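Biologist: I have a structure to learn from. Could you take my questions one by one?

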Amino acid sequence: MKTFKAILKSVGGKVWISVTAVLVAVLIATTALATTTFRSILTTVLGGPGVVMADGVELIYTSDYASKAEFKEAGDELNVQISEEGFTLLLNENNALPLEAAERKVSVFGKNSVNLVLGGSGSGGGSGEGASTIYDGLEAAGISYNTVLRDFYEDEGASGGGRSSNPSTDDSNSEAPTLDIGETPINRYTTALYSSFSEYSDAAIVVISRIGGESFDLPRTQNISNGGIEGNHYLQLDQNEYDMLDMVTSRFDKVIVVLNTLTSFQCDFIEEYNNIPSNPRIDAVMWIGGPGSTGAEAIGKLLTGEANFSGRTVDL
């Protein structure tokens, strides 16, 4: 029979010792985590009951949801509700909204209509993977939209690469970043696109998007080589957007602008287009901020009156 010392020197013995040491280390670490301030973090990550310390007493609480998937679903639904109550109607000329049942075939304009700004940078950011789109919101509300126009904007070869992404919060550059608005130049619109408008002419929905976030400032100039206007800053329309609005307002009787902006936007363009009292060219303007992963689902409900605009600006 082998002695204990011989066992320790054998290959099997060394493996046994190594495995035992690892198991003991894991046991010690798990025990420490489960009995210290890390316990609440550990149980939360593993989906267990939450732990709260109140006046030195440990209180245990349980979730109202059976799984993290159920919890996420409830959170997504809450985000839609918050959006319904938070999106703000800035203009509604001649009761343009809500859309009547007979006028729910629309064309959605704007390169960023297929790439909404969902949130900011840093703690306000997210991947956007699987996020709801403006088209999801329209479909859910029974609004038909121009698929030819959507396909055009989704094709970067046809409509361009689109807007800049939020700069990284790790960027230590103290200067404002260069941010492309990314709107499609009007000369990229084809005859086939213009022809598609007639079938979806009850209303035009124009999406204007601007990013924003912590750790960086916004440009005080626009990219002149990509549609920018000399003297305009990032929170104003650029030439491509003006051209798009010229095209839309000359072809549609009802025009609705959706401001998908994370900061206050300079809206003097509304007065520029509506400077003839008897013939306003922009009928409605709604601000949606950054709708998060599911907030865009509220857009259709608000357009049809299924939900009511409740949001207000800080300066009424």
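Biologist: By class, how many nonpolar, polar and charged residues are in the lining of the largest cavity?
Modeller: Keep in mind that this is a predicted model. The lining includes L179, I181 and Y234. It also includes D180 and D238, along with Q222 and N223. By class, the count is three nonpolar, five polar and two charged.

Biologist: How much space lies in the largest cavity?
Modeller: A search of the whole structure finds one cavity of 30 Å³ or more. The space in the largest cavity is about 50 Å³.

Biologist: What is the volume of the largest pocket, and which residues lie nearest its centre?
Modeller: The volume of the largest pocket is about 600 Å³. Its lining has 31 residues. Nearest the centre are L116, L118, G126, S127 and G128.

Biologist: Which elements give two or more residues to the lining of the largest pocket?
Modeller: By class, the lining of this pocket holds seven nonpolar, 18 polar and six charged residues. The elements that give two or more of the lining residues are α4 (68-86) and α6.

Biologist: Leaving aside neighbours within four places in sequence, which residues is F269 in contact with?
Modeller: Beyond its sequence neighbours, the contacts of F269 are L237, Y242, L245, V257, L259 and I282.

Biologist: Now T249. Is T249 buried or exposed?
Modeller: T249 lies in helix α9. The cut-off for buried is under 20% relative accessible area. T249 is at 10% relative accessibility, so T249 counts as buried.

Biologist: Which side chain makes a polar contact with the side chain of T249?
Modeller: Start with the backbone: the oxygen of L245 lies 2.6 Å from a polar atom of the T249 side chain. Leaving aside neighbours within four places in sequence, T249 is in contact with V255, Y273, R281 and I282. At 2.9 Å, the side chain in polar contact with that of T249 belongs to R281.

Biologist: How many of the residues of helix α11 are buried, and what covers them?
Modeller: Helix α11 spans residues 297-304 and is mostly covered, with six of its eight residues buried. The buried ones are A298, I299, G300, L302, L303 and T304. Their cover includes α4, α5 (134-140), β6, β7 and β8 (284-287).

Biologist: Which residue just after α11 takes a positive phi?
Modeller: Look at the place where α11 has just ended. The phi there is about 90°, and the residue is G305.

Biologist: Last, the whole protein. What share of contacts between residues at least 6 apart in sequence joins residues at least 24 apart?
Modeller: The secondary structure comes to 11 helices and eight strands. Of the 316 residues, 38% are buried. Among contacts between residues at least 6 apart in sequence, the share joining residues at least 24 apart is 77%.

How values were computed:
Residues numbered from 1 in each chain as written. Predicted model: local features only at pLDDT ≥ 70, side-chain atom pairs only at ≥ 80, totals over all residues. Heavy atoms only, no water. Contact = heavy atoms within 4.5 Å. 1 Å grid on protein atoms, 1.4 Å probe; cavity = no way out; pocket = protein on both sides within 12 Å on 5 of 7 lines; lining within 4 Å. Points joined across faces, edges and corners; volume = space filled by probe spheres on them. Helix = DSSP H or I, 4+ residues; strand = E, 2+ residues; numbered from the N terminus. Nonpolar A, V, L, I, M, F, W, Y, C, P; charged D, E, K, R; others polar. Buried < 20%, exposed > 50% of the residue type's maximum accessible area, 1.4 Å probe, protein only. Polar contact = N/O pair within 3.5 Å; in protein donor to acceptor, adjacent residues only side chain to side chain.
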